[in-house]
Amino acid sequence: MKSNNHAKHWLGRLIVTGILSHFLMGFAIATPTLSSVSSLNGDAKNGKDVYHTCALCHTPQGWGTENGYYPQLSGQHPNVLIKQLIDIKQGNREVPTMIPFADEIFDKGHQDVADVVSYIATLPMTPKNSVGAGTNLERGKKLYTKQCESCHGANAEGNNEKSYPLLQGQHYEYLFRQILWIQEGIRKNGDEEMRLSIAAFTDADIRAVSDYISRIKPDKNKVAESIDWQNPDFHGDFVSAPANVKNKKQ
Ligand code: HEC
Ligand code: HEC
C-alpha cells in the first residue's frame with residue numbers, strides 16, 4: 001500500500017513539473033502575434049541599432065533597390081511591417097536569406113521588433129522608385145480601380161488598422177513579383193480574397209496593374225527632398241549588399 005502511495009506521489013509531482021515546464025517553455029518561446037508586438041511602445045533609438053543589419057540589404061535609407069529585389073520599407077504601415085516580419089520568420093514568404101535576421105530580432109522577446117518598426121517609421125520614402133514600361137496604363141488603372149482599390153485605397157495608401165499594405169512608391173518589379181507569388185500561392189500569407197480576385201490575371205495584367213501602381217505618387221510630406229538624401233545615422237562608408245551587387249554589374 002505504502003509503495004503505491006509513493007508511486008502516486010511521484011506521478012503527481014511529475015505531472016505538476018511537466019505542466020509547469022510546458023508553461024514556462026511556452027512563455028519563453030511565445031509565438032509572436034501582430035497584437036503582441038503592436039501593443040508594445042517602440043523605441044526608435046534602440047531601433048536604429050537593430051536596423052543596422054537590415055540596412056545591409058534594405059539600404060540605410062530603407063529604399064530597397066530599383067530592380068525590386070529588395071523592397072522599400074520606408075513609408076510602410078507599422079502593422080504591415082510587423083505582420084510581414086512574423087510571416088517571414090514563420091517561413092510563409094519565399095525569402096530564405098532574411099529568415100536568420102527575422103529570427104534574431106524575435107530572439108530577445110518582441111521589443112526589438114517594435115523598436116525597429118518605430119525606427120523605420122522615421123525614414124522618408126524614395127522620390128524615385130522604379131516604374132514599368134508605361135505601355136498598358138489604361139488597363140492597369142481599370143484593373144486597379146475595379147479589383148484592388150477597395151482594400152489598398154484609391155491612392156494605394158493601404159490601411160494600418162486592417163494591415164493592408166501601402167503599395168504607392170514601391171518598386172515595380174517587387175510589386176510584380178509579389179502579385180504573381182500571391183496568385184501562385186508561393187507567398188503563403190497572401191490574402192485569400194485577394195488571391196481569388198486575381199486568379200484569372202495573365203502576366204500582362206499583372207504587369208499592367210503593377211506599372212499603374214508604381215506611378216502613384218505618395219504625399220510629398222512622406223518623401224525625401226532629393227534622391228541624394230543620405231540617412232545621417234549611417235557613416236558614409238557603410239556598404240550595403242545591394243550597393244555591392246550594383247557595383248559588380250556596372
Ligand atoms: C540578407 C538580406 C536581408 C536582410 C539582412 C533583411 N532583409 Fe528584409 N527582405 C529581404 C528580401 C530579399 C525581401 C523580399 C522578399 C520577397 O521578395 O518576398 C525582404 C522583405 C522584407 C519585408 C517585407 C516587405 C513588404 O513590403 O512586404 C520586411 C518588412 C522586411 N524585409 C524587413 C526587414 C527588417 C526589419 C530587417 C532587419 C531586422 C531585414 N528585413 C533584413 C532581404 C533582407
Ligand atoms: C480583400 C482585400 C484585398 C484586395 C481586393 C487586394 N488586396 Fe492586395 N493585399 C491584401 C492584403 C491583406 C495583403 C497583405 C497580405 C499579407 O499579409 O501578406 C495584400 C498584399 C498585396 C501586395 C504585397 C505588398 C507588399 O508590400 O509585399 C501587393 C503588391 C498587392 N496586395 C497588390 C494588390 C493588387 C494589385 C490588387 C488588385 C488586383 C489587390 N492587391 C487586391 C488585401 C487585398
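By class, the shell around ligand 1 comprises 15 nonpolar, 5 polar and 3 charged residues; Ala, Val, Leu, Ile, Met, Phe, Trp, Tyr, Cys and Pro count as nonpolar, Asp, Glu, Lys and Arg as charged, and the others, Gly among them, as polar. The structure is a predicted model, in which local features need pLDDT of at least 70 and side-chain atom pairs count only at pLDDT 80 or more, whereas totals for chains, interfaces and linings use all residues. Residues are numbered from 1 along each chain as its sequence is written, while chains are lettered from A and ligands numbered from 1 in the order in which they are written.

Of the 23 residues around ligand 1, those that come nearest are Cys54, Cys57, Gln84, Val95 and Met98; a residue is near a molecule if its C-beta atom, placed from the backbone, lies within 6 Å of it. The elements giving two or more residues to this shell are tabulated below.

| Element | Residues |
|---|---|
| Helix 3 | 44-58 |
| Helix 4 | 78-89 |
| Helix 5 | 99-107 |

Helix 3 provides the largest share of the shell, 5 residues.

The secondary structure of the chain comes to 12 helices and 0 strands, where helices (H or I, at least four residues) and strands (E, at least two) are DSSP runs numbered from the N terminus. Of its 250 residues, 35% count as buried, meaning that 20 or more other C-beta atoms lie within 10 Å of the residue's own, with C-beta atoms placed from the backbone. The mean pLDDT, the predictor's confidence in each residue from 0 to 100, is 88, and 85% of the residues reach 70 or more. Over residues 17-27 the pLDDT is below 50, and beyond near neighbours in sequence this stretch has 0 contacts in the model; two residues are in contact if their C-beta atoms, placed from the backbone, lie within 7 Å.

Helix 7 (residues 137-147) packs against helix 11 (residues 203-214) at an angle of about 85°, with the axes 7 Å apart. The two helices are therefore roughly perpendicular to each other, a term that covers angles of 65 to 115 degrees. Axes are lines fitted to C-alpha atoms, for helices over the stretch in contact, and angles run from 0 to 180 degrees between N-to-C directions.

Asp115 lies in helix 6 (residues 111-120) and counts as buried because it has 23 C-beta neighbours inside 10 Å. Not counting residues up to four places away in sequence, Asp115 touches Gly42, Asp43, Ala44, Asn46, Gly47 and Val50.

Methods: Angles under 35 degrees count as roughly parallel, over 145 as roughly antiparallel, 65 to 115 as roughly perpendicular and the rest as oblique. A residue is buried if 20 or more other C-beta atoms lie within 10 Å of its own, exposed if 12 or fewer, and partly exposed in between; C-beta atoms are placed from the backbone.
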